[in-house]
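Welcome, and thanks for taking a look at this one.

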Amino acid sequence: MRRILPIVAAAGCALALPAHAQTYNAVTDARLANPEPGNWLQFRGNYQGWGYSPLDQITTENVKSLRPVWTYSTGVTEGHQAAPVVNDGIMFVSTPQNQVIAFDAATGAEKWRYVRPLPDDLFQLHPTNRGVGLYGDKVYMATVDAYVVALDAMTGEVVWETEIGDYTDGYYSTLSPLVADGKVVIGVSGGEFGIRGYITALDAETGAEAWKTYTVPEPGEPGSETWKGDAWKTGGGSVWMQGNYDAENKIAYFGTGNGGPWMPDTRPGDNLYTTSAVALDMKDGKIIGHHQYHWNDAWDWDEVSAPLLIDYEKDGREIKGLVHAGRNGYLWEMERSPEGPIKFVAGEPFVRQNVFTGLDENGRPSYDESKTPGTDKTVTFCPSLWGGKDWVPEAYSPDTGLFYIPSHENLCSELGGAPMEAREPGELWIGVPLDVILSSLRFHESVDTSKPVPIGKLQAWDLSKGELAWEHSFMDTAYWGPILTTKGGLVFTGGTQDRMFRAFDAKTGDVLWEFPTNSGITGVPSSFEVDGKQYIAVQSGWGVDSERMRALLQDMLPEGRVHNVPQGGVVWVFALDDA
Amino acid sequence: MASSPKDTSRSAGVSRRTLIASGGALSAAALIGPRPALAAKPRPEREPVQAGDRMMLRDGPNKGKLLTPDMLETGANCIEAFPFDPASDTERSRNRLNRVLALRLDPADMDEETRRYSADGVLIYSAICTHQGCTIETWDAETQHLKCFCHLSEFAALNQGAVRSGPARRQLPMVPVTLDADGYVVAAGGFTAKPGGAKT
């Protein structure tokens, strides 16, 4: 399946570089492990997954003066979710349709653009890309036709590309690569197509496969005892999001998607390592630790986000933590170890959750069967199939010690499966009729739709105390806003249907600034510095699941309360005038 | 802007450079794999729908049979199908863009153009959404719309597949049909527009 295309650079169609061509500051393991405050070298800024910038020029005092300094139209629609990644004044942005655009980060001048010619017969269930990875002098992107492409950071020329899956069989990638230890680590999605998920590492220099680890074990492998029959062959376990990384111990932590097909009776057993956090040895990809958030998923609760690496004090003890706001609506605290094993610490709901009846001492939940759908069994459960928190990244600030969650409250789903036909490669294979999914969203029974309904909720949790510090509700709107925290005491997020980009006081939750952009913001914000000036960057471009949810809310709330959100991506960069 | 940007797309860059690097079309094709630079005439199972093709049903009580109008209840449902080449006895199902939906509506409700493309009320639409290439499977009998699960685009079946809501910008292509001497629904030509998703 894997092909490597060695590329020989040629002059030909390439236009000349600008006269002021810069030298490129190569990205190393050391720089990724200890990024300079002025750079944003990967998806969440650091290997721990914090989404935190140590820059403090923009503060709670002066943020009201923040204004756009440049914008740029990406030329495509759908979900613009990638973080603007910045290395010494050069910004790299990926967009839907697998474009990568390189800019002068301070001026917005385009340096080069890579446009991937995607196949005509591609089925794009999730037309998005979540960002690039940097290493050495290359820029890496995983694609929706299941390739990884390596580009020259200064020219955009393709250096190599490697096929990591067969898109005609339902495999595709939307995640940003984790790059470390000379490897580009990515995973595949396709759980709605009957795939068997995996994480694979490619040599950063050549694109050759270094290792490949399935998230669903085959018979005889550890964890295979949690599957029956041939269900493992189509068991799902998609990998939707970049892993986080313990650089000291060289361990990668990923979150995994739900089992496939959706209904639990189609794949009896716990279904390891779906809906789990997995710890992989970067050397060989071996799974050396895991924690399954919930077993035998029935609710489409992919646990897509990797747990954040956060060290904090709890009950008088220093915890080297792994923290995850689950799609299943629970806030999970775990402890990592240098050898890999993951230990459960605590779990509690952060939104209304009526499925779990309790957790045992290892964090294994028990279920209310009346809230567990199945084939020919339709039930209503909360949170909805989009969960308490979907892919949208949570964040942490070491200054406030708070953990910030972009959540959905008051949403539930009514769902049930139907007997399945044989799998057809590359076609949806869910086990729930599409018209059922299309009409599955429900409000919680306590909701009165004659008044504005709190749906989106930005939450700030004190991990040491295990309690909510503050929250901010967004009324009558979906909220798909990735979060940036800064040393300036700010939390930046968009994600609402009113197209706003907002800054909150990280300690109190007060709204300090807001700005209406071209579209809804589902992009990951980042912050960087050029010539002593701090910038905030984000892509605005509504689409994919945010639009799916919005369209359903439009039918659930009285007319006039839910508006359309225009599509079309724009890169926005903000700064202070007098900085 | 101070300088012209560089387009480094694979079509402009990789395949050509690979060709240059490897010195010939044969080795380039071997490297590039399933997308050869010069396409030969595709095999019948990959060829786009042709005039004279019948429609092989993929679902429902008549699964595996060639479509005749009586197999469809008016307004009730849409059924997946692929064109079938009677000359080579081949279902053209190795080309995903050939996936179609068969449905039957009252010709009196159709606009004139749609009626012209129909045969005894039978309409054949592309099953590939013009937004992002997802497979359309949902029929809304109330609105008479075909709905895409992926991103909720809706297409009016009575009006040449016109976009009625959602992010799609192009109408859903049709296959004009007629009935042959044996009563089968057959294509009168290829798709009325290019099937498949948009690239923006």
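The notes below go through strands, sheets, a helix, the core and some backbone details.

Please keep in mind that this is a predicted model.

- Strand E14 (residues 178-180) of chain A runs antiparallel to E15(A), and three bridges join them.
- Within this pair, Leu178(A) is found opposite Val185(A).
- E14(A) and E15(A) make a hairpin with two residues between them, and Asp181(A) in the turn has a positive phi of about 55°.
- Another antiparallel partner of E15(A) is strand E16 (residues 198-203) of chain A, joined to it by five bridges.
- Here Ile186(A) faces Thr200(A) of E16(A) as its opposite residue.

**The sheet E3-E41-E40-E39 in chain A**

- Four strands of chain A, in the order E3-E41-E40-E39, form an open sheet with antiparallel pairing.
- Its edge strands are E3 (67-73) and E39 (526-530) of chain A, each of which pairs on one side only.
- From one strand to the next, the twist averages 25°.
- Inside this sheet, E40 (residues 533-540) and E41 (residues 570-575) of chain A are antiparallel and joined by five bridges.
- Val538(A) stands opposite Trp572(A) in E41(A).

**From strand E40 to helix H3**

- Val544(A) lies in the loop between E40 and H3 of chain A.
- Its phi is near 55°, a positive value in a residue other than glycine.
- Most residues other than glycine have a negative phi.
- Val544(A) has 25 other C-beta atoms within 10 Å, so it is buried.
- Helix H3 of chain A (residues 545-556) has twelve residues and reaches 17 Å from its first C-alpha to its last, close to the 16 Å expected at 1.5 Å a residue.
- The buried residues of H3(A) include Met549(A), Ala551(A), Leu552(A) and Leu553(A).
- Strand E4 (79-80) and strand E32 (441-443) of chain A are among what covers the buried residues of H3(A).

**The sheet E18-E19-E20-E21 in chain A**

- Another open sheet in chain A has four strands in the order E18-E19-E20-E21, with antiparallel pairing.
- At its edges are E18 (244-246) and E21 (287-292) of chain A, each pairing on one side only.
- The twist averages 20° from one strand to the next.
- Five bridges link E20 (residues 276-281) of chain A to E21(A) in the antiparallel sense, and Ile287(A) in E21(A) is the bridge partner of Leu280(A).
- Gly289(A) also lies in strand E21 of chain A, and it is buried because 20 other C-beta atoms lie within 10 Å.
- Leaving aside residues up to four places away in sequence, Gly289(A) touches Ala279(A), Gly340(A), Pro341(A) and Ile342(A).

**Backbone details in chain A**

- Pro261(A) sits in the loop between E19 (251-255) and E20 of chain A, and a cis peptide bond with omega of about -10° joins Gly260(A) to Pro261(A).
- Tyr273(A) is in the loop between E19 and E20 of chain A, and a cis peptide bond with omega of about -5° joins Leu272(A) and Tyr273(A).
- Asn410(A), in the loop between strand E30 (402-408) and strand E31 (411-415) of chain A, has a positive phi near 70°.
- Asn410(A) counts as buried because it has 21 C-beta neighbours inside 10 Å.

**Chain B and the nonpolar core**

- Chain B contains three helices and twelve strands, and 42% of its 200 residues are buried.
- The largest nonpolar core has 215 residues, and those with the most contacts inside it are Met91(A), Met55(B), Val100(B), Leu101(B) and Ala102(B).
- E41(A) gives this core its largest share, six residues.
- Among the residues that Met55(B) touches are Leu66(B), Phe84(B), Val100(B), Ile124(B) and Val185(B).

Notes
Residues numbered from 1 in each chain as written. Chains lettered and ligands numbered in written order. Predicted model: local features only at pLDDT ≥ 70, side-chain atom pairs only at ≥ 80, totals over all residues. Pairing = 2+ DSSP bridges. Axes fitted to C-alpha atoms, helices over the stretch in contact; angles between N-to-C directions. Expected span 1.5 Å × (residues − 1). Buried ≥ 20, exposed ≤ 12 C-beta atoms within 10 Å, placed from the backbone. Contact = placed C-beta atoms within 7 Å. Core = buried A, V, L, I, M, F, W, Y, C linked by C-beta atoms within 7 Å.
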